[in-house]
Amino acid sequence: AQKLRHWMGKIPGYTKELFTPERFPHFLDVMLQYSKYGFDNAVLIAAQCREKEIALADRGMWEKKYGRQVKDGGAGIQVIVPVKNKKKDVREKAGSETKNPASGPDGKTDVGQAGAAVLRLHVHTVYNVSQTEGRPLPERPVCEMPADADHFDIFIKAITALSPVPVNFAEFGSGKQEYSFNADGEIVIQKGMDAVRTMQTAARTVARTLIDELGQMMEPSAPQDQKTIGIETESVAYMLCQYFEMGASGWHFEDIAGWQDNMGFEALRSSMDMVRKVAVVFNDCMVDGMRQEMMQETRKELDRKQVYRYTAGYARENGEMDAYRASGKENIACREAIEKAIRENFDGMHLKQEAVEPVMEAYGAERVAYVLASTVKYMEYDGRFSRSNKSWAHTIQGLRDDDGQNRDAGCD
């Protein structure tokens, strides 16, 4: 109990040390990585371990699960964990007014439930991976959806779909202003910013609306002044962007020290707990949203590469003219890509092997075969095509010349 009081007593002082512009991002990193540990443990871990890479386990887990040993002389990191009391808890309940045992409904002495588990807080020692040696650790999983420039469109689609209010993009102001909320409460983000800055701005604005929405369902952090809202918004947005490996620059925590000085400790703890809970929901919803967007993009890519093999008449009768026309446009683009590859890689006798791969990757083997076979079949009179090539062309299903499909589709 004395050890527990000692470490609990350190938390307010550690908080003051961590809530500075230089160290606050590290605290948020720890709270993000160990989101289930709560505010107090995030403070204890961040204050005792300043390393960027953190992986914690106690001595027994390092040895049994990971085959590593704690180095001699390493000071452990103290955390607070709930522990079940394994002893039977059979005791007489004291009366409310006296020290005498209380009586039950039957007039007999009321006793505690035998064998009931009692949770008690306990100070536990863990060690960071840098304090251990031994068997190499398995590689840590890489973020499956980093929010880099390649994923910009998917990130923006997912975050705008998640936003409780509409998100628009427009040019306004001097260009230094990143966003605003219009008269209808809609988010307006400055156009023309680079990808990372745009994603960070989207994270800030949507975080602000989520704090309003989710904060109503949770215990509010008090007081809800503009500075508190600003700190909470920046913190949630930072944790989202760190989760998606967007980089640590461009964040504004200049007022964090003054803000925590003016907050009571319990109000500060409540505020940070709310930040942690909103950030977890935000991150999980963004992962789901981006995964769905990526699946839709994959389906669109598959649809784009699929060859439409029916006639124009059939497409018209079955309401599939859009698919017919889209496939035709892809056929034309594929034909032009093949012609370009031949011009650049054919020396009159031989076609370079590297000419094939880019076209196959862009349009798929099915469409390339369809366009080539259509060309051979349409120009069957041309003696430059061998008999084997002409025979092969007739094996490709869906080639038609009865309704001008080949010409319309750009396969001739």
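The structure holds 17 aromatic pairs, where rings of Phe, Tyr and Trp (its six-membered ring) pair if their centres lie within 6.5 Å, and planes under 30 degrees apart count as stacked, over 60 as edge-to-face and the rest as tilted. The model is predicted: local features need pLDDT of at least 70, side-chain atom pairs count only at pLDDT 80 or more, and totals for chains, interfaces and linings use all residues. Residues are numbered from 1 along each chain as its sequence is written, and side-chain values use heavy atoms, with hydrogens and water left out.

Tyr238 and Phe253 form an edge-to-face pair, at 5.9 Å centre to centre and 80° between the planes. This pair links distant parts of the chain, 15 residues apart, with Tyr238 in helix H7 and Phe253 in the loop between H7 and helix H8 (256-261); helices are DSSP runs of H or I with at least four residues, numbered from the N terminus. Both Tyr238 and Phe253 are buried (under 20% relative accessible area, 1.4 Å probe, protein chains only). Ring pairs join Tyr238 and Phe253 in a cluster with Phe19, Phe24, Phe27, Phe39, Trp251, Trp259 and Phe265.

Tyr238 also belongs to the contact (heavy atoms within 4.5 Å) of H7 with H2, in which Phe24, Pro25, Leu28, Asp29, Met31 and Leu32 of H2 meet Ser235, Tyr238, Met239, Gln242 and Tyr243 of H7. Helices H2 (residues 24-33) and H7 (residues 226-243) pack at an angle of about 65°, with their axes 10 Å apart; axes are lines fitted to C-alpha atoms over the stretch in contact, and angles run from 0 to 180 degrees between N-to-C directions.

Terms used
Helices (H or I, at least four residues) and strands (E, at least two) are DSSP runs, numbered from the N terminus. Buried means under 20% relative accessible area, exposed over 50%, partly exposed in between (1.4 Å probe, protein chains only).
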